[in-house]
Amino acid sequence: MSTELANRDPGRETGDAREAIIFRVGPQEFCIDIMTVREIRGWTPATMLPRSPGYIRGVINLRGTVLPILDLAQRLDLPSVDPTSRHVIVVVQIGAQVVGMLVDAVSDIITLADSMIQPTPAVASEASRSFVGGLVALDGRMINILRLENVLGEIRAEAA
């Protein structure tokens with residue numbers, strides 16, 4: 001069984017439950033499987049890399065390892081802002097690739113059952129559906145489940 005929330009069939013009801021971390025990017029909330037999160041740290045200014053994609057903020061030194069920082073807002077075509085001390089970096093790992101994602105704030109850790117997850121609406125663009133694997137209605141909020149594999153896809157391919 002995959003630990004990636006968004007790689008599951010959102011319509012499946014197997015009774016499986018897993019923990020997810022919720023974070024905010026602009027006015028929207030997203031979640032990812034907590035098993036992909038290595039750490040959450042405060043914003044650290046990144047060193048720019050020449051000719052890198054616009055959504056890559058640069059790299060930071062994380063305990064002797066060069067860590068690429070992805071501006072999640074820019075990657076998702078949301079308005080990007082200049083990071084402040086209130087922003088955080090969510091360090092995630094997919095396979096051997098470790099990447100930091102710049103987000104506005106981390107808000108919750110929740111337990112998600114398969115029955116809570118609704119499919120991404122057909123009205124969403126193909127690009128949206130490739131990044132969002134489903135939606136969760138929680139306390140009057142709509143939370144997007146990120147397909148982290150797809151969000152990090154090009155970064156992972158460039159690192160290979």
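## The Arg63–Glu39 salt bridge

Arg63 and Glu39 form a salt bridge in which the closest N and O atoms are 2.3 Å apart. A salt bridge here is a side-chain nitrogen of Lys or Arg within 4 Å of a carboxyl oxygen of Asp or Glu. The two residues come from distant parts of the chain, 24 residues apart: Arg63 sits in the loop between β4 (56–62) and β5 (65–71), and Glu39 in strand β3 (residues 37–42). Helices (H or I, at least four residues) and strands (E, at least two) are DSSP runs, numbered from the N terminus. Arg63 is exposed, with a relative accessible area of 63%. The classes are buried for under 20% relative accessible area, exposed for over 50%, and partly exposed in between (1.4 Å probe, protein chains only).

The model is predicted: local features need pLDDT of at least 70, and side-chain atom pairs count only at pLDDT 80 or more, while totals for chains, interfaces and linings use all residues. Residues are numbered from 1 along each chain as its sequence is written, and side-chain values use heavy atoms, with hydrogens and water left out.

## Other salt bridges

Side chains of opposite charge can pair when their charged atoms come close. The salt bridges in this model number seven. One of them joins the side chains of Arg57 and Asp71, at 2.9 Å from N to O. Arg57 belongs to strand β4 and Asp71 to strand β5, so this pair ties together parts that are 14 residues apart in sequence. Arg57 is buried, with a relative accessible area of 18%, and Asp71 is buried at 3%.

Another salt bridge brings together the side chains of Arg18 and Asp114, with an N to O distance of 3.2 Å. This pair links distant parts of the chain, 96 residues apart, with Arg18 in strand β1 and Asp114 in the loop between β8 and β9. Both Arg18 and Asp114 are buried.

## The six-stranded sheet

An open sheet of six strands has the order β8-β1-β2-β11-β10-β9, with mixed pairing. The edges are held by β8 (105–113) and β9 (117–118); each has a single partner strand, so one side of each is left without a neighbour in the sheet. Two strands count as paired if DSSP finds at least two bridges between them. Strands of a sheet pair through backbone hydrogen bonds, either parallel or antiparallel.

Strand β1 (residues 17–25) and β8 run antiparallel and are joined by eight bridges. Within this pairing, Ile21 stands opposite Ile109 in β8.

His87 lies in the loop between α1 and β6. His87 is buried, at 10% relative accessibility. A polar atom of its side chain lies 2.9 Å from the backbone nitrogen of Thr84. The side chains of His87 and Asp104 are joined by a polar contact of 3.2 Å. A polar contact is a pair of N or O atoms within 3.5 Å; within protein, one must be able to donate a hydrogen and the other to accept it, and residues adjacent in sequence count only if both atoms are side-chain atoms. Neighbours within four places in sequence aside, the residues in contact (heavy atoms within 4.5 Å) with His87 are Gly42, Trp43, Val81, Asp82, Leu102, Val103 and Asp104.

Val81 lies in the loop between α1 (72–75) and β6 (88–94). At 44% relative accessibility, Val81 is partly exposed. Not counting residues up to four places away in sequence, Val81 touches Arg57 and His87. Val81 and Asp71 are 10 residues apart along the chain, and their C-alpha atoms are separated by 9.3 Å.

## The aromatic pair

The model has one aromatic pair. Phe23 and Phe30 form this pair, which is stacked, at 6.3 Å centre to centre and with 25 degrees between the planes. Rings of Phe, Tyr and Trp (its six-membered ring) pair if their centres lie within 6.5 Å; planes under 30 degrees apart count as stacked, over 60 as edge-to-face and the rest as tilted. Phe23 is buried, with a relative accessible area of 0%, and Phe30 is buried at 3%.

## Whole-chain figures

The protein has four helices and 11 strands. Of its 160 residues, 46% count as buried. Among contacts with a separation of 6 or more, 58% are between residues 24 or more positions apart.
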